[in-house]
Amino acid sequence: MTPAIDLAKQRGLDYQLHEYSHDSNAASFGLEAAEKLGVDVSQVFKTLVVATDTGALAVAVLPVDKTLNFKKMAKALSSHKLLPCKKVQMADPKQVERSTGYVLGGVSPLGQKKRLATIINDSAQNQSTIYVSGGRRGLEIELPPAQLADTLAARFDAITDD
């Protein structure tokens, strides 16, 4: 079990686990998950950790085939009053692992060591369920996006380049 699965169980979320054999040579963990699970990329979401200009960390949850827009992420964090900031950038990988308790490629938005301000791309609201990392490479949790947002006190906003 991972902390993500433990939290999903503890909260009684409507979730399903999906495992696949992870290929260490895969160029993109998220695209690999979509392909191996046979689901549309619009349903599989990656978890990115960003550092704000104030030094705080935050989480962005977005479709695996999209790119995070740093300006939109900073604006979303500020407008939802989660973290006041003007800029964000990708967080240092070692800082990500220390803060979340997960290795890169297996970072789940659920069950992180320290709960961080979280923005979920608004496209998740168009899906009945989405897939996010289950806390290790090769493990995905499928759940309703509203339950994910409620569990994390997350907000939905447009944070990708479209």
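Which elements cover the buried residues of α1? The views below, drawn from a predicted model, start with that helix. Local features need pLDDT of at least 70 and side-chain atom pairs count only at pLDDT 80 or more, while totals for chains, interfaces and linings use all residues. Residues are numbered from 1 along each chain as its sequence is written, and side-chain values use heavy atoms, with hydrogens and water left out.

**View A. Helix α1 (residues 3–10) and its buried residues A4, I5, L7 and A8.** Buried means under 20% relative accessible area, exposed over 50% and partly exposed in between (1.4 Å probe, protein chains only). Helices (H or I, at least four residues) and strands (E, at least two) are DSSP runs, numbered from the N terminus. The buried residues of α1 fall within an arc of 160 degrees seen down the helix axis, so they line one face of the helix. The arc is that of the directions from the helix axis to the C-beta atoms. The cover over these residues includes β1 (16–19), β7 and α5. G12 follows α1 and has a positive phi, near 65 degrees.

**View B. T151 in helix α5 (residues 145–152).** T151 counts as buried because its relative accessibility is 3%. Not counting residues up to four places away in sequence, T151 touches L7, R11, L13, L110 and R115; contact means heavy atoms within 4.5 Å.

**View C. Helix α4 (93–100), with V96, S99 and T100 as its buried residues.** The N-terminal end of α4 is capped by D92, with a side-chain oxygen 3.1 Å from the backbone nitrogen of K94. Just after α4, G101 takes a positive phi of about 85 degrees.

**View D. S108 in the loop between α4 and β5 (117–121).** S108 counts as buried, at 0% relative accessibility. Its side chain reaches the backbone oxygen of S133 at 2.7 Å. Leaving out residues up to four places away in sequence, S108 touches A4, T47, Y102, S133, G134 and G135.

**View E. I130 in strand β6.** The relative accessible area of I130 is 0%, so this residue is buried. I130 and S42 are 88 residues apart in sequence, yet 8.4 Å apart in space, C-alpha to C-alpha. Apart from neighbours within four places in sequence, I130 is in contact with Q43, F45, A124, I141, E142, L143, P145 and L148.

**View F. The largest pocket, with about 430 Å³ of space.** Among the 28 residues that line this pocket, F29, K46, T47, L48 and G105 are the closest to its centre. On a 1 Å grid over the protein atoms alone, a pocket is an open set of points where a 1.4 Å probe fits, with protein on both sides within 12 Å along at least five of seven lines; lining residues have an atom within 4 Å of a point. Two or more lining residues come from each of α2 (29–37), β2 (45–52), α4, β6 (130–133) and β7 (139–143). β2 gives the largest share, five residues.

Notes:
Grid points are joined across faces, edges and corners, and a volume is the space filled by probe spheres set on the points. A polar contact is a pair of N or O atoms within 3.5 Å; within protein, one must be able to donate a hydrogen and the other to accept it, and residues adjacent in sequence count only if both atoms are side-chain atoms.
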